Amino acid sequence: MTTVPPATRRRLLATLFASSGLVRTGFIAAVTVAALVAEDLLDSVALAGLPAAAATIGVAVGTTPIAALMAARGRRVGIAAGLLIAAVGGVLAATAIGLSSFPLFVGALFLVGFGAAGDRLSRYAAADISTAEKRALAISIVVWAGTLGSVVGPALLETVESAAESLGLEGLAGPYLLGTVAVLAAAALTFFALRPDPLS
């Protein structure tokens, strides 16, 4: 068995921490306004919960194929690939708002959730890089990063909505642009910094 220096383990855990924090910031910001977007697109609250439900279903559906990709290609590739899918979903969500297309918006949120499954699986990468006695702590650190992101995301909503309007876009597209940028940053960080791969 290859001995991994403690400094390398700490660096990999810091990468997972930062990546998960970024993803959750974008994901929670996107889901928080999903009902408002649905109501705006449909002029009704009847289906306002459907986009957020689609995101949740996306996480459930995406977990198995992304886990299979990780088993075949490693945690780094699996997480990064999932996050790229989530970024595509973010772009499509912003586009759907501009086009006033509710079906496209629901499909986009499904993709956001599908790709975000890669982030949910990053806690297993934290377990991979840890010694047995520190495994629970490593997992909790990554989960805690997600909790921080869940606080930061909603706090930025007013700012990103104003930024979107200043660009001539719908204000509610702002959280999806924030989500896309945050997820792309997390994907790049994971792909380039999560080396050696936790599964190795």
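Select Pro6, Arg9, Arg10, Leu13, Ile129, Ser130, Thr131, Glu133, Lys134, Leu137, Ala138 and Ile141, which line the second largest pocket; on a 1 Å grid over the protein atoms alone, a pocket is an open set of points with protein on both sides within 12 Å along at least five of seven lines, and lining residues have an atom within 4 Å of a point. This is a predicted model, in which local features need pLDDT of at least 70 and side-chain atom pairs count only at pLDDT 80 or more, while totals for chains, interfaces and linings use all residues. Residues are numbered from 1 along each chain as its sequence is written, and side-chain values use heavy atoms, with hydrogens and water left out.

The volume of this second largest pocket is about 280 Å³, a volume being the space filled by probe spheres set on the grid points, which are joined across faces, edges and corners. Colour α1 and α7 (135-155) next, the elements that each give two or more residues to this lining; the largest share, four residues, comes from α1. Helices here are DSSP runs (H or I, at least four residues), numbered from the N terminus.

Colouring by class divides the pocket lining into six nonpolar, two polar and four charged residues, where Ala, Val, Leu, Ile, Met, Phe, Trp, Tyr, Cys and Pro count as nonpolar, Asp, Glu, Lys and Arg as charged, and the others, Gly among them, as polar.

Note on methods. On a 1 Å grid over the protein atoms alone, a cavity is a set of points where a 1.4 Å probe fits but cannot get out, and a pocket is an open set with protein on both sides within 12 Å along at least five of seven lines; lining residues have an atom within 4 Å of a point.
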